[in-house]
Amino acid sequence: MKVLIAEDELLERKAMRKFLENNFSEIEIIDEATNGREAIELARLNPPDIIFMDIKMPGINGLEAIEEVQNFSPSSKFILVSAYDSFDFAKQAMNHGVKEYILKPGKKEEIVKSILRVKKEIDYEVQQQIEKRNLIEESFITKLMHQPLDKEAYSILKEYFPSFKSGYFLVIQLTHPADIEPIRERLTKHLEHPFIVDSTDGRVACCILANSELNKSDILMQVRKIQLEFGTYCYIGIGTPYSVLGNFPKSYHEALTAAYQLTKKNNRKYGFLEENEDKDTIPDVIVQLLAEVEKGNEHESLQIYKDKRDFFTIDDHEDIYFNVKRMMEEQNIAFPENTISELDSDIEWQQFIILCCVKFQEHYRSKKLMEKVKEYIDEHYRQGITLEEMAAHVGLSPNYFSNVFKKEFGNTFVEFITGRRMNEAKHLIMENQYSLKEISYMVGYNDPNYFSRVFKRSYQMSPKKFQQQIFKK
């Protein structure tokens, strides 16, 4: 833990430093400040985990310094040190979220207990951040595997991978399912750039997000080491590296197809997609069949299959299966649970084709329905429509409507409505034609105080502060 000591008394400062260094091996004293202003500047240069802050110091006092440091380093914790046993000081400290208050001269046991309590709080927050990041990364890699990417994917990239320059996907085919943590540890040995992994049914998707431009020869060298790490029965398909996030689903599908090619040929263990086996070289009849399935044309798809089924080889069937799977994944449609090995008769293949066509039909109906929903929301969002009312309007059960809506827009119905209102409120504030109270009513909030709280939750500042920042000279 990095610690800053802010104390104007030299002897007190040095005594505290010596005590901390002698009793806590995991503590590093990064600096000492002789007044509040100096504490602020030092904390700005190197944000500490803990600041021992004297209250009474020349110039800016400890409480004022805490308030300013919290603006740019909200995760820093404070232990107040004071010679004054004042309830007023303690109350002000609590208002700033400070829980530790030591009276001079501080007893060793009291200092130790304060540090241990703050350390426990820091450890808990770190664990929360790790869990939050894991959830965000899990959501992020799922988004990157499917077209089209939503706005949230770009927001995650900006916040969590700000140095991103280029990246690509690996698809690692294993003989047996494996736990994600051991896989992550083994990949860490050989990947020098940040990456995210996702594992399902013996197949691992790994998305690499590099802070430099990548070339294929370097990627091949790294992937060779990874393949050797996982062993003989591991195949690794590599997607093309791209510098534009919108191309990542393409990289994933290239890696997926490459992995399939490798397992099919069994003469190489890793590599990029072989272009001569891409979908452009698939026989015309299969291209026609795939086109009809993608349109959801059940009758036409079945007719093509029945007319040509005697001519389809095992490889042709595999091409149909994996290309239908690719098309459905690209549109974020749930693929049927059948594995290719389960489709061992004409009847089963026909049922599979029918089911895929039905799923495409449902997808297009849902999209058309959601377009109507969006139009209705745009016209009525100020009127306080509920999920139940909206579901009834389009003739669906609330539960089913909620699931379809979340799948289409990436947000719950309430989150979407709130976002629409907040976006409108922001534009109205920027136009500077109405009071904040009027804007509150205009976007559907009858309680201006509640409107202010929702706005602050959305933009991390109150409407008034947002207005001041927009129009300050």
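# Exercises on a predicted model

The side chains of Lys-14 and Glu-32 form a salt bridge, with N and O 3.1 Å apart. Lys-14 belongs to helix 1 (residues 10-23) and Glu-32 to strand 2 (residues 28-33), so this pair, 18 residues apart, links distant parts of the chain. The model used in these exercises is predicted.

**Exercise 1.** Classify Lys-14 and Glu-32 as buried, partly exposed or exposed, and state which network of salt bridges holds them.

*Solution.* 
- Step 1. Take the cut-offs: buried is under 20% relative accessible area, exposed is over 50%, and partly exposed is in between.
- Step 2. Lys-14 has a relative accessible area of 41%, so Lys-14 is partly exposed.
- Step 3. Glu-32 has a relative accessible area of 13%, so Glu-32 is buried.
- Step 4. Salt bridges link Arg-13, Lys-14, Arg-17, Glu-21 and Glu-32 in a network.
- Step 5. The structure holds 25 salt bridges, including the one between Lys-14 and Glu-32.

**Exercise 2.** Find the salt bridges of Glu-229 with Arg-186 and with Lys-189, and place each residue in the chain.

*Solution.* 
- Step 1. The cut-off for a salt bridge is a nitrogen within 4 Å of a carboxyl oxygen.
- Step 2. For Arg-186 and Glu-229, the closest N and O atoms are 3.4 Å apart, so the pair counts as a salt bridge.
- Step 3. Arg-186 is in helix 7 (residues 180-188) and Glu-229 is in helix 8 (residues 216-230); the pair links distant parts of the chain, 43 residues apart.
- Step 4. For Glu-229 and Lys-189, the closest N and O atoms are 3.2 Å apart, and this pair is a salt bridge too.
- Step 5. Lys-189 is in the loop between helix 7 and strand 7 (195-200), 40 residues apart from Glu-229.
- Step 6. Compare accessibility with the cut-offs: Arg-186, at 30%, is partly exposed; Glu-229, at 22%, is partly exposed; Lys-189, at 58%, is exposed.

**Exercise 3.** Describe the largest pocket by its volume, its lining and the classes of its lining residues.

*Solution.* 
- Step 1. The volume of the largest pocket is about 2100 Å³.
- Step 2. Its lining has 43 residues; Asp-150, Glu-408, Phe-409, Gly-410 and Asn-411 lie nearest the centre.
- Step 3. Among the elements that give two or more residues to this lining are helix 5 (108-144), helix 13 (346-380) and helix 16 (413-431).
- Step 4. Helix 16 gives the largest share of the lining, 8 residues.
- Step 5. Sorted by class, the lining has 10 nonpolar, 17 polar and 16 charged residues.

**Exercise 4.** Work out the geometry of the ring pair Tyr-321 and Phe-335, then say which cluster holds these residues.

*Solution.* 
- Step 1. Rings pair if their centres lie within 6.5 Å. The centres of the Tyr-321 and Phe-335 rings are 5.3 Å apart, so the rings pair.
- Step 2. Planes over 60 degrees apart count as edge-to-face. The planes here stand at 85°, so the pair is edge-to-face.
- Step 3. Tyr-321 lies in helix 12 (residues 314-330) and Phe-335 in the loop between helix 12 and helix 13, so the pair ties together parts 14 residues apart in sequence.
- Step 4. Both Tyr-321 and Phe-335 are buried.
- Step 5. Ring pairs join Tyr-260, Tyr-321, Phe-322, Phe-335, Trp-349 and Phe-352 into a cluster. The structure holds 24 aromatic pairs.

**Exercise 5.** Find the distance from the charged end of Lys-216 to the ring centre of Phe-272, and do likewise for Arg-133 and Phe-161.

*Solution.* 
- Step 1. The charged end of Lys-216 sits over the ring of Phe-272, at 4.7 Å from its centre.
- Step 2. Arg-133 lies over the face of Phe-161, and the distance to the ring centre is 5.3 Å.

Terms used:
Residues numbered from 1 in each chain as written. Predicted model: local features only at pLDDT ≥ 70, side-chain atom pairs only at ≥ 80, totals over all residues. Heavy atoms only, no water. Helix = DSSP H or I, 4+ residues; strand = E, 2+ residues; numbered from the N terminus. Buried < 20%, exposed > 50% of the residue type's maximum accessible area, 1.4 Å probe, protein only. 1 Å grid on protein atoms, 1.4 Å probe; cavity = no way out; pocket = protein on both sides within 12 Å on 5 of 7 lines; lining within 4 Å. Points joined across faces, edges and corners; volume = space filled by probe spheres on them. Nonpolar A, V, L, I, M, F, W, Y, C, P; charged D, E, K, R; others polar. Phe/Tyr/Trp six-rings, centres within 6.5 Å; stacked < 30°, edge-to-face > 60°. Lys NZ or Arg CZ within 6 Å of the ring centre and 35° of its normal.
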